[in-house]
Amino acid sequence: MADVILFHSALGPRPAVFALADRLRAAGHTVHVPDLYAEPEGREGTAGTEGEGGGPRVADPVITDDPQKAAELVESVGREELLRRAIVAAAPHSDRGVVYAGLSLGASLAQTVALGDGRARGLLLLHGTADLPADASAPDLPAQLHIADPDPFEPHDWQTAWYLGMRRAGVDLEVFRYPGAGHLYTDPELPDHDAEAAERTLAIALDFLADIDAAGE
């Protein structure tokens, strides 16, 4: 089955992230959930630990439900360092070819890492996207974006430009929009939550991973 690395949002590795990972595992997939806010053991080590369903955590994760606190966490670590940690976390698994996935900030990291990994098998974006370099190239990379409509962090004009850029890069892209849902609608502990949209997202994502698995057989 698919080997997935799932990056958390700026709110940290909240219970909803591990719950999503467990739902994917229940379908037979291997899922790695690095804690990008955990201080890596060393420049050669991995960022954080797996957590629930994927091995013990060495320390309680830093999480929040406050967007301002989340912004402060991102600023304190730095976006470049978060990207470095994401790359380091993916490195032990990338030789096998992984599906990169993420939520909001984690989606932007997943996109950046996947487009730089020629062995990537897929890209699953929930609630977010990232800038594209002009020379981005990922021919036939399967990808999905699931996003609220409207999303205050992903305005329509941005999404249109992003979509065209991804298509120019050769990405085999599908976009699913969820009218009326909040930004992080898959997290049941947040005001953004939309149960129907979350379940539909999961069902479509599971079909996506199954297709990737079938294509690799």
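Which helices each supply at least two residues of the lining of the largest pocket? They are helix H2 (67-77), H3 and helix H4 (105-115). The structure is a predicted model, in which local features need pLDDT of at least 70, side-chain atom pairs count only at pLDDT 80 or more, and totals for chains, interfaces and linings use all residues. Residues are numbered from 1 along each chain as its sequence is written, and side-chain values use heavy atoms, with hydrogens and water left out.

**Sheet**

- Six strands form an open sheet in the order S2-S1-S3-S4-S5-S6, with parallel pairing; helices (H or I, at least four residues) and strands (E, at least two) are DSSP runs numbered from the N terminus, and two strands pair if DSSP finds at least two bridges between them.
- Strand S2 (30-32) and strand S6 (172-179) are the edge strands, each pairing on one side only.
- From one strand to the next, the twist averages 15°.
- Helix H3 (residues 79-94) packs on the sheet, where it touches strand S1 (3-7), S2 and S3; contact means heavy atoms within 4.5 Å.
- The direction of H3 makes about 170° with that of S1; axes are lines fitted to C-alpha atoms, for helices over the stretch in contact, and angles run from 0 to 180 degrees between N-to-C directions.

**Strand pairs and strand S1**

- S1 and S2 pair in the parallel sense over 3 bridges, and Asp3 stands opposite Thr30 in S2.
- Strand S3 (residues 99-103) runs parallel to strand S4 (residues 122-126) and is joined to it by 5 bridges; Leu103 stands opposite Leu126 in S4.
- In S1, 5 of 5 residues are buried (under 20% relative accessible area, with a 1.4 Å probe and protein chains only).
- Asp3, Ile5 and Phe7 cover one face of S1, with Val4 and Leu6 on the other.

**Largest pocket**

- The largest pocket holds about 820 Å³ of space; a pocket is an open set of points on a 1 Å grid over the protein atoms alone, where a 1.4 Å probe fits, with protein on both sides within 12 Å along at least five of seven lines.
- Its lining comprises 30 residues, of which Ala10, Arg79, Ser104, Leu105 and Ser108 are the closest to its centre; lining residues have an atom within 4 Å of a point.

**Buried side chains**

- Gln159, found in helix H5 (residues 156-168), counts as buried because its relative accessibility is 3%.
- Leaving aside neighbours within four places in sequence, Gln159 is in contact with Ile147, Glu154 and Arg177.
- Tyr178 and Tyr185 are both buried.

Definitions and conventions
Buried < 20%, exposed > 50% of the residue type's maximum accessible area, 1.4 Å probe, protein only. Points joined across faces, edges and corners; volume = space filled by probe spheres on them.
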